[in-house]
Amino acid sequence: SHSHGDVRRQERARRVLVFPLPFQGHINPMLQLADVLHGRGLAVTVLHTQFNALDPALHPEFTFVAVPDGIPADVAASGSIIPIILAMNAAMEASSAVHDVLASVLADDGQPPAACMFIDANLLAVQKAASALGLPTMVLRTGSAACFSCFLAYPMLHHNGYLPPKESQLYTPVKELPPLRVRDLFVTSSSDHEMVRKVLSRASETVRNSSGLVVNTFDALEAAELDRIRRELDVPVVLAAGPLHKLSSRSTGSSLLREDRSCMEWLDKQAVGSVLYVSFGSLASMDGAELCEVAWGLADSGQPFLWVVRRDLVRGSDGPGLPEGFDRAVEGRGKVIPWAPQQEVLAHFAVGGFWTHNGWNSTLEGVGEGLPMICMPHFADQMMNTRYVEAVWGVGFELEGKKERNKIAKAIQKLMNEREGELAREKARELKKKVAACLESGGSSMLAIDKLVEHISSL
Ligand code: UDX
């Protein structure tokens, strides 16, 4: 008689390891990819840091291994992604912890042999440890193809004088990477620029050292940008295998925060296409005055809305701190929750628009449901994603500058009830059809997954 473990071992000839960067926007697509590969008969071992540790109980089909990350407590507490990436890599490079964990994972003969490890591009230290053990790495880029193409172009952008960014040139077009402008190139304060430059260059190095690149996008969305990457990079495969959340059979189960599902019943009671869903992702923050303007903008718009206010959305406070009288003003029409089952919300019949910070996952999730967007990018790749939403795909528009209640209320009206919003909605519906096409059998992303599985067996 066979134990369950024996049966699994017989069925699954090979194993892949996956190691996401420990942030929500990076964890989700990595676990979605893991789920797709598991569905194709591969065993999966998930390596994860102690920082933002994952809950193995949510994925009984995977094996989980915790890795010491060495992130100093004060850096971890800052929540700032760029310093955390650098500190984590530095600590991992200074110790043998990753190497030792990997060595013991590879030596576990109760598991099928590992073909390769999928890593986030921000984990160069992990790539090096794998390489020292002879384990090939594959990179999952969790951002857009345009974004990675921009990483690769960073030295050129410096050489050609666009970077470091000058305040007076933020709207200068970057003719080498249309339709981007200087402000869309990952610009931060000039004091942080060297840090950003270092992180992007290390991400490119991680990919160059790897046996392939998977980008969470699809051919019809970013054909020219994917071509640019393929021309620049000399790695065995560059595959556009997204949107991964649509390929994965389980869309939930990787949230670091508890999802408030009460919003689903609330949505059931709203009219078709009437609700604006508002979320600024997992990291963006604002000050109390800005929160107040957003709140009154939503109230004054007269539109039904579902708004995600994370506990840490407002800098330096614990708890939402919504303005006095707001609850009464929006009673029955607006709902505020700390964290949403976002993919389900976006797919709900009642949702007709998305006010987003344009993190890449949120952008793809909005595109996948054919929703027009109001864009309010905060940092990193978000400005670039907004630029594509507005100038390339035409599925939304940016709410630029200072957050101010009248401006916000007008933008909401424009998106939900006026001609400009209607045009964006039509384009979004067209784009949704292209998403469906790439996911059909014989569609570009399905073919990319076939190729990926073949590539994994060849490693
Ligand atoms: C952002 C970036 O844009 C990313 O590229 C960068 O590296 C890190 O910061 P994030 O703010 O997490 O990422 O946004 P996004 O990429 O949109 O990912 C957020 C994820 O959380 C999405 O998958 C979304 O569905 C999910 N989410 C968000 C919820 O499940 N519930 C919510 O209430 C809000």
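Predicted model: local features only at pLDDT ≥ 70, side-chain atom pairs only at ≥ 80, totals over all residues.
View 1. The side chain of H357 places an N or O atom 2.9 Å from an oxygen atom of the ligand. For N361, a polar side-chain atom is 2.9 Å from an oxygen atom of the ligand. On its own the ligand has 680 Å² of accessible area, and the protein covers 95% of that. Areas follow the Shrake-Rupley method with a 1.4 Å probe.

Residue numbers start from 1 along each chain as its sequence is written. Local features need pLDDT of at least 70, side-chain atom pairs count only at pLDDT 80 or more, totals for chains, interfaces and linings use all residues, and side-chain values use heavy atoms, with hydrogens and water left out.

**View 2. The shell around the ligand.** The ligand is surrounded by 24 residues, each with a heavy atom within 4 Å of it. The closest are H26, S282, A340, S362 and E365. By class, the shell has eight nonpolar, 14 polar and two charged residues. Here Ala, Val, Leu, Ile, Met, Phe, Trp, Tyr, Cys and Pro are nonpolar, Asp, Glu, Lys and Arg are charged, and the others, Gly among them, are polar. At least two shell residues come from each of α2 (24–39), β8 (275–279) and α15 (360–368). Helices (H or I, at least four residues) and strands (E, at least two) are DSSP runs, numbered from the N terminus.

**View 3. Packing of α7 on α9.** Helix α7 (residues 145–159) packs with helix α9 (residues 223–232) at about 35°, and their axes are 8 Å apart. Axes are fitted to C-alpha atoms over the stretch in contact; angles run from 0 to 180 degrees between N-to-C directions. From α7, the contact uses A145, A146, F148, S149 and L152; from α9, E225, L226, R228, I229 and E232. Contact means heavy atoms within 4.5 Å. These residues divide into six nonpolar, one polar and three charged.

**View 4. I82 in helix α4.** I82 sits in α4 (residues 81–94). Not counting residues up to four places away in sequence, I82 touches M195, V196 and V199. I82 and V395 are 313 residues apart in sequence and 29 Å apart in space, C-alpha to C-alpha.

View 5. Most residues other than glycine have a negative phi, and most peptide bonds are trans. L163 and P164 are joined by a cis peptide bond, omega about -5°. The bond from P178 to P179 is also cis, with omega near 0°. P164 lies in the loop between α7 and α8 (193–208), and P179 is in the loop between α7 and α8 as well. N52 is not a glycine, yet its phi is positive, about 50°. N52 is in the loop between β2 (43–49) and β3 (63–67).

Technical notes: Polar contact = N/O pair within 3.5 Å; in protein donor to acceptor, adjacent residues only side chain to side chain.
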